[in-house]
Amino acid sequence: MTVATQTSPKLEINWPTSIFMVLIHLLALLAFIPGNTTWAAVVVALVLHWFTGCLGITLGWHRLIAHRSFEVPKWLEYFFVFCGSLSCQHGPIEWIGLHRHHHRFSDQVSDHHNSGKGFWWSHMGWIFHKVPTQAETPRFTRDIANDPVYRFFNKYFLFLQFPLAIALYFLGGWPFVVWGIFVRLVVVYHCTWLVNSATHKFGYRSHQTKDASTNCWWVAVLTYGEGWHNNHHAYQHSARHGLKWWEIDITWLHIRLLQMLGLARKVKVVTD
């Protein structure tokens, strides 16, 4: 059986995003300059990776808000919106709208990171272009589009890096800035993008979904459990993605902790 390569009209380059992405990757290379790397700086980057990548993107923007797989008090939801905004993956309204659109049209021609167009495209190639689906996000975000907190972070997400960088500089100098901002952003970017690319190419399939989603253990390790992607596409409203005992899902453990503390309720999971 052969799979035909899907094609779509040539898209216009998104120059502001393209320039930013190239620049942030080049700045991350400052870590190789002697004096810009310390063990303390690496630890700071790892903590901020968890803060922005796990609490912000995987737990907050993805499972809590995009799929409403559980509920938390509004103040805590806004805290997770803030954490995700520090990941600098655009604002929450656009990110959540695009993700919901992806689930609606997963691996179809209109999917903005359609894996049928190849690994590079689904990983990061689409980011350098003006994808038509960005104009469709309003119909997928009616529940959050008028919320003033969401609108604030959607507009000013980029500027949040500046006070964070200043704080890191006073705490540990340039090594903290290089690792806490530049290296951390690049690593979180690629971890997030692997869910769009690697988990539509590598791994195994537990469920016969209508897309190419797979369960990939090493992506799950890097993304706090998001690598169990075929499970997620089969049961997208489940707060738990690792459904087998060996499918370790760190984000799910965070949700269970919130549930035990009385901060998470109406938690949706797959039952036998």
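Predicted model: local features only at pLDDT ≥ 70, side-chain atom pairs only at ≥ 80, totals over all residues.

Residues are numbered from 1 along each chain as its sequence is written, and side-chain values use heavy atoms, with hydrogens and water left out.

Visitor: How are α2 and α3 oriented to each other?
Guide: Helices here are DSSP runs (H or I, at least four residues), numbered from the N terminus. Axes are lines fitted to C-alpha atoms over the stretch in contact, with angles from 0 to 180 degrees between N-to-C directions. The axes of α2 (residues 39-66) and α3 (residues 74-85) come within 7 Å and cross at roughly 125 degrees. Under 35 degrees counts as roughly parallel, over 145 as roughly antiparallel, 65 to 115 as roughly perpendicular and the rest as oblique, so α2 is to α3 oblique.

Visitor: Which residues of α1 touch α7?
Guide: Contact means heavy atoms within 4.5 Å. On the α7 side, the partners include Phe-182, Tyr-189 and Trp-193. The α1 side is Phe-20, Met-21, Ile-24, His-25, Leu-27 and Ala-28.

Visitor: And how many of the residues in the contact of α1 with α7 are nonpolar?
Guide: Ala, Val, Leu, Ile, Met, Phe, Trp, Tyr, Cys and Pro count as nonpolar, Asp, Glu, Lys and Arg as charged, and the others, Gly among them, as polar. In this contact two are polar and no residues are charged. The nonpolar count is 11.

Terms used:
Helix = DSSP H or I, 4+ residues; strand = E, 2+ residues; numbered from the N terminus.
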